[in-house]
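Here is a report on one protein chain. It covers strand pairing, nonpolar cores and salt bridges.

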Amino acid sequence: MAQTLVIIAHPDLERSRINAAWAKAARGCGSVTVHDLYADYPDGQIDGARERAVLAAHDRIVLQFPLTWYSCPPLLSVWKTAILKRGWAYGPGGRALRQKTFGIAFSTGSNGRDYRPEGRYGRTLDEITTPFELLAIHTGMHYLPAFTLTGVREKEDSAVAQSALDYVEYLLTAPPRIVASGKDDERAKTLYPAD
């Protein structure tokens, strides 16, 4: 069975309704490791070697977060910059994540109808989260469809509980939306003066 890693980036998980429910459900799965960035790095200083070892030990990687200003919370951005280094995640010698499966799970306060071309924001959630899809493509990972829950302020407790059950199913069985070829493109072989 694939080992799944859930990296949670919620600045206040204890006060969260949705992300806390998802985290609790994920922790109940034997083959899922839950890693809370804000709990492990309250000072914002990411241990790159530790994080790369954790990633290497898992086959499926899911980033879980509340959508924050149409992106991820700040610490997750710091984490991506600290961990996804040339020569490890991409570029010459960068094969550590190749053929792993990657996905994102996020919640939004805004209702799903806001994320349509004719909606409030004029963009779909897929458009807003394109950088995560590109991260998967650039590092040679398969990409899962996003797991989302919108309009969280309006959700009844029963809907939150159902989303947690659906989340576990997603973590364990969701098939990739994009399957990586596993082949290098020519730029992966390009050496730069600093290499």
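## Strand 4 and its partners

S107 stands opposite L149 in strand 6. Strand 6 covers residues 147-149 and pairs with strand 4 in the parallel sense over three bridges. Here, two strands pair if DSSP finds at least two bridges between them. Strands (E, at least two residues) and helices (H or I, at least four) are DSSP runs, numbered from the N terminus. Strand 5, residues 142-143, also pairs with strand 4 in the parallel sense, over two bridges. In that pairing, Y143 of strand 5 is the bridge partner of F102.

Strand 3 runs parallel to strand 4, and seven bridges join them. Q64 has A105 of strand 4 as its bridge partner. Between these two strands the chain passes through helix 4, and the β-α-β crossover is right-handed. That term means that, with the strands pointing away from the viewer, the path from the first strand over the helix to the second runs clockwise.

## Basis of the model

The model is predicted: local features need pLDDT of at least 70 and side-chain atom pairs count only at pLDDT 80 or more, while totals for chains, interfaces and linings use all residues. Residues are numbered from 1 along each chain as its sequence is written, and side-chain values use heavy atoms, with hydrogens and water left out.

## Burial and cores

How many residues of strand 4 are buried? Seven of its seven are. Buried means under 20% relative accessible area, exposed over 50%, and partly exposed in between (1.4 Å probe, protein chains only). Both faces of the strand are covered. T101, G103, A105 and S107 lie on one side, and F102, I104 and F106 on the other.

The largest nonpolar core has 31 residues. Such a core is a set of buried Ala, Val, Leu, Ile, Met, Phe, Trp, Tyr and Cys residues joined through side-chain atoms within 4.5 Å. L55, L63, F65, W79 and F102 touch the most other members. Elements that each supply at least two residues include strand 1 (4-8), strand 3 (60-66), strand 4 (101-107) and helix 6 (130-139). Helix 4 gives the most, with four residues. W79 touches I7, L37, I46, E51, L55 and L63, not counting residues up to four places away in sequence. Contact means heavy atoms within 4.5 Å. A second, separate core has 24 residues, among them C29, V32, A164 and A174.

## Salt bridges

Side chains of opposite charge can pair when their charged atoms come close. The whole structure holds six salt bridges. The criterion is a side-chain nitrogen of Lys or Arg within 4 Å of a carboxyl oxygen of Asp or Glu. D157 and R17 meet at 3.0 Å, N to O. D157 lies in helix 7 (157-173) and R17 in the loop between strand 1 and helix 1 (18-27), so the pair ties together parts 140 residues apart in sequence. D157 is exposed, with a relative accessible area of 60%. R17 is partly exposed at 36%.

R177 and D126 meet at 3.4 Å, N to O. R177 sits in the segment after helix 7 and D126 in helix 5, 51 residues apart. R177 is partly exposed at 37%, and D126 is partly exposed at 44%. Salt bridges that share partners join D40, R50 and E51 into one network. D12 pairs with R15, the closest N and O atoms being 3.8 Å apart. D12 is partly exposed at 32%, whereas R15 is exposed at 72%.
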